[in-house]
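Here is a short report for a reader who is new to this structure. Look over the sequence and the model, then read on.

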Amino acid sequence: MSIAGAAVAAPSGQVLVVEGIDTGERYLTHPVDDGSTVALSYTHSVEKTPVYDEYRVEGETLVNTRMEFESYGWGLPSRVNVTNVNGTFVYDPPGPITTLETLSVSPGRIANHTLIVEDTRYDLVAETGARDVRIRVERRGLTDVFS
């Protein structure tokens with residue numbers, strides 16, 4: 001098989017990218033596919049209770065599909081139908097909560113932001129030095145595979 005033949009047969013794909021908002025520095029990349037689950041877990045800054053936001057990868061977008069929280073506070077949905085599961089409010093609507101091309105996060109030491117990609121957990125504070133980041137999905141082409 002020639003190199004050109006190998007390049008044509010080589011897969012292209014998607015990666016989840018965590019990069020600095022101000023610098024563009026890449027802190028993390030993780031392979032994802034359409035349908036992959038990406039989540040952000042943290043402690044609410046005011047309520048001091050756990051929050052879990054779940055997203056599904058669709059092309060180059062992150063579709064917020066589920067939220068779990070233990071109290072109503074700033075930034076949490078208060079006028080939606082939730083299910084109470086052992087003291088945790090679960091908002092799991094039939095359609096998307098929101099669809100984002102980028103998710104901006106300010107990882108905090110008290111909030112202990114954790115990024116979960118499928119079954120892999122990343123401590124965003126440690127990985128980024130608590131710097132503001134954007135999380136996005138990037139399609140990789142053949143040139144990226146071989147660079």
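The report below goes from the whole chain to single residues.

## The chain as a whole

This is a predicted model. The protein chain has three helices and twelve strands. Of its 147 residues, 40% count as buried. The chain exposes about 8,500 Å², and carbon and sulfur atoms supply 48% of that area. Take the contacts between residues at least 6 apart in sequence: 55% of them join residues at least 24 apart.

## Confidence

The pLDDT averages 86 over the protein chain. A score of at least 70 is reached by 86% of the residues. Among the elements, strand E10 (residues 114–117) has the highest mean pLDDT, 98. Helix H1 (residues 3–9) has the lowest, 41. Over residues 1–11 the pLDDT is below 50. Beyond near neighbours in sequence, that stretch has seven contacts in the model. Where pLDDT is low, the predicted coordinates should not be read in detail.

## The nonpolar core

The largest nonpolar core has 27 residues. Which of them have the most contacts inside it? They are Leu16, Val38, Leu62, Leu115, Leu124 and Ile135.

Leu16 shows how such a residue is surrounded. Leaving aside neighbours within four places in sequence, Leu16 is in contact with Val38, Leu62, Leu115 and Ile135, among others. Its partners also include Leu28, Val32, Val117 and Val137. Thr29, His30 and Arg136 are in contact with Leu16 too.

## Salt bridges

Side chains of opposite charge can pair when their charged atoms come close. The count here comes to eight salt bridges. The table gives three of them.

| Salt bridge | Closest N to O distance |
|---|---|
| Arg136 and Glu19 | 2.8 Å |
| Asp92 and Arg66 | 3.1 Å |

Start with the salt bridge between Arg136 and Glu19. Arg136 lies in strand E12 (residues 133–140) and Glu19 in strand E1 (residues 13–20), so the pair ties together parts that are 117 residues apart in sequence.

Glu138 is buried, and so is Arg136. A network of salt bridges links Glu19, Arg26, Arg134, Arg136 and Glu138.

Now take the salt bridge between Asp92 and Arg66. Asp92 lies in the loop between E7 and strand E8 (98–100), and Arg66 lies in strand E5, so this pair ties together parts that are 26 residues apart in sequence. Asp92 is partly exposed, with a relative accessible area of 48%. Arg66 is partly exposed too, at 22%.

## The aromatic pair

The structure holds one aromatic pair. Which residues form it? The partners are Phe69 and Phe89. Their rings are tilted, 5.8 Å centre to centre, with 45 degrees between the planes. The pair links distant parts of the chain: Phe69 sits in strand E5 (residues 61–69) and Phe89 in strand E7 (residues 88–91), 20 residues apart. Phe69 is buried, with a relative accessible area of 0%. Phe89 counts as buried at 18%.

Where is His44 found? It is in the loop between strand E3 (37–43) and strand E4 (50–58). Not counting residues up to four places away in sequence, His44 touches Thr49, Val51, Gly73, Trp74 and Leu76.

Most residues other than glycine have a negative phi. Asn86 is not a glycine, yet its phi is positive, about 55 degrees. Asn86 has its place in the loop between strand E6 (83–85) and E7. Asn86 is exposed, with a relative accessible area of 81%.

Glu118 also has a positive phi of about 55 degrees without being a glycine. Its place is in the loop between E10 and strand E11 (120–123). At 41% relative accessibility, Glu118 counts as partly exposed.

Terms used: Residues are numbered from 1 along each chain as its sequence is written. This is a predicted model: local features need pLDDT of at least 70, side-chain atom pairs count only at pLDDT 80 or more; totals for chains, interfaces and linings use all residues. Side-chain values use heavy atoms; hydrogens and water are left out. A nonpolar core is a set of buried Ala, Val, Leu, Ile, Met, Phe, Trp, Tyr and Cys residues joined through side-chain atoms within 4.5 Å. Buried means under 20% relative accessible area, exposed over 50%, partly exposed in between (1.4 Å probe, protein chains only). Contact means heavy atoms within 4.5 Å. pLDDT is the predictor's confidence in each residue, from 0 to 100. Helices (H or I, at least four residues) and strands (E, at least two) are DSSP runs, numbered from the N terminus. Rings of Phe, Tyr and Trp (its six-membered ring) pair if their centres lie within 6.5 Å; planes under 30 degrees apart count as stacked, over 60 as edge-to-face and the rest as tilted. A salt bridge is a side-chain nitrogen of Lys or Arg within 4 Å of a carboxyl oxygen of Asp or Glu. Accessible areas come from the Shrake-Rupley method with a 1.4 Å probe; for residues, only the protein chains shown count as cover.
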